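Please open the model in your viewer and keep the selection panel at hand.

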Amino acid sequence: MKKLFILLVIFSCLKSSAQIGFKVLQFRPAGELGLYMKKTFTGEIMYFEDFADHWMYRGGISFAVLKSRLDTFPDPRVVSINGKIYVGPGYQIFNKYNMYSLFGGIDYHLIHRDPFFFYPGIDFLGGGIDMNYEIYSKDPMVEEHGVFIGGQFFGGFRLRAGFKYMVNNHSGVFLEITRSMYFLDEVGFFAHNDIGIGFHYIF
């Protein structure tokens with residue numbers, strides 16, 4: 001994390017129009033992810049250039065620690081016994097679910113009425129999920145207990161609508177609403193929404 005932050009600082013010094021931004025956002029799991037995980041607050045650190053010919057490029061890092069909605073989720077177990085299918089009670093517990101990602105993208109300022117900007121944008125995402133969960137059943141017919149500790153990789157994209165207000169020549173504040181969609185290795189497609197408020201400084 002420290003090395004990535006140092007790289008962002010170095011990149012921001014490459015051009016006079018480069019900027020460092022910080023964003024606090026509410027992470028809102030959607031779809032199947034939303035069935036298991038609560039909303040949470042997290043943040044992003046990013047490097048981006050000032051708008052030039054309507055376009056602005058950005059890149060950064062994000063991190064989210066998600067908490068499950070329930071301590072234990074029902075998760076029926078299915079087994080085949082002597083050619084017959086048996087369904088028994090089972091349970092799943094999430095002990096840890098942390099998401100890390102790198103992103104890079106572009107924005108287009110659709111409306112500019114100094115000192116206001118309105119812009120849509122898109123990011124491409126790549127990262128991983130560090131998780132720890134267990135499944136178990138006490139039914140004698142399907143009794144089992146398993147623990148998974150490890151990570152899974154994901155890739156996808158994020159759509160964005162943003163509004164920026166320049167406080168002065170060197171700093172500004174912005175509000176962004178996004179929708180992220182990504183494919184999680186060995187699991188399938190997931191999505192989340194977020195809304196965030198940020199601050200940036202032009203070097």
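Predicted model: local features only at pLDDT ≥ 70, side-chain atom pairs only at ≥ 80, totals over all residues.

Residues are numbered from 1 along each chain as its sequence is written, and side-chain values use heavy atoms, with hydrogens and water left out.

**Stop 1**

Select residues 40–49, strand β2, together with residues 55–65, strand β3: the two run antiparallel and are joined by 6 bridges. Strands here are DSSP runs of E of at least two residues, and helices are runs of H or I of at least four residues, both numbered from the N terminus; two strands pair if DSSP finds at least two bridges between them. Within this pair, M46 stands opposite G60 in β3.

Now move to the hairpin of β2 and β3, which has 5 residues between the strands and in which D53 takes a positive phi near 55°. H54, in the loop between β2 and β3, also calls for a look, with a positive phi near 80° in a residue other than glycine. Is H54 buried, partly exposed or exposed? H54 counts as partly exposed because its relative accessible area is 37%, where buried means under 20%, exposed over 50% and partly exposed in between (1.4 Å probe, protein chains only).

**Stop 2**

Next select β9, which is antiparallel to β7 with 16 bridges between them, and find F103, whose bridge partner in β9 is L125.

**Stop 3: the cis peptide bond**

Select D114 and P115, which are joined by a cis peptide bond with omega of about 10°. P115 lies in the loop between β8 and β9, strands that a hairpin joins through 2 residues. Strand β8 (residues 111–113) runs antiparallel to β9, with 3 bridges between them, and the bridge partner of I111 in β9 is F118.

**Stop 4: the nonpolar core around I129**

Which residues touch the most other members of the largest nonpolar core? Of its 27 residues, they are L66, Y97, M99, I129 and Y182; such a core is a set of buried Ala, Val, Leu, Ile, Met, Phe, Trp, Tyr and Cys residues joined through side-chain atoms within 4.5 Å. β9 gives the most to this core, with 5 residues.

Centre the view on I129, which stands opposite Q152 in β10. Leaving aside neighbours within four places in sequence, I129 is in contact (heavy atoms within 4.5 Å) with Y97, N98, M99, G150, G151, Q152, F154 and L184.

**Stop 5: P29 and H192**

Select P29, in strand β1, which counts as buried because its relative accessibility is 12%. P29 and H192 are 163 residues apart in sequence, yet 4.3 Å apart in space, C-alpha to C-alpha. The contacts of P29, leaving aside neighbours within four places in sequence, are G34, M37, K38, K39, A191 and H192.

**Stop 6: the cavity and the pocket**

A search of the whole structure finds 1 cavity of 30 Å³ or more. On a 1 Å grid over the protein atoms alone, a cavity is a set of points where a 1.4 Å probe fits but cannot get out, whereas a pocket is an open set with protein on both sides within 12 Å along at least five of seven lines, and lining residues have an atom within 4 Å of a point. Grid points are joined across faces, edges and corners, and a volume is the space filled by probe spheres set on the points.

The largest cavity holds about 160 Å³ of space; of the 17 residues that line the largest cavity, F27, E44, S62, S101 and H192 are the closest to its centre.

Finally, turn to the largest pocket, with a volume of about 300 Å³. Of the 16 residues that line the largest pocket, E32, Q92, F94, V187 and F190 are the closest to its centre.
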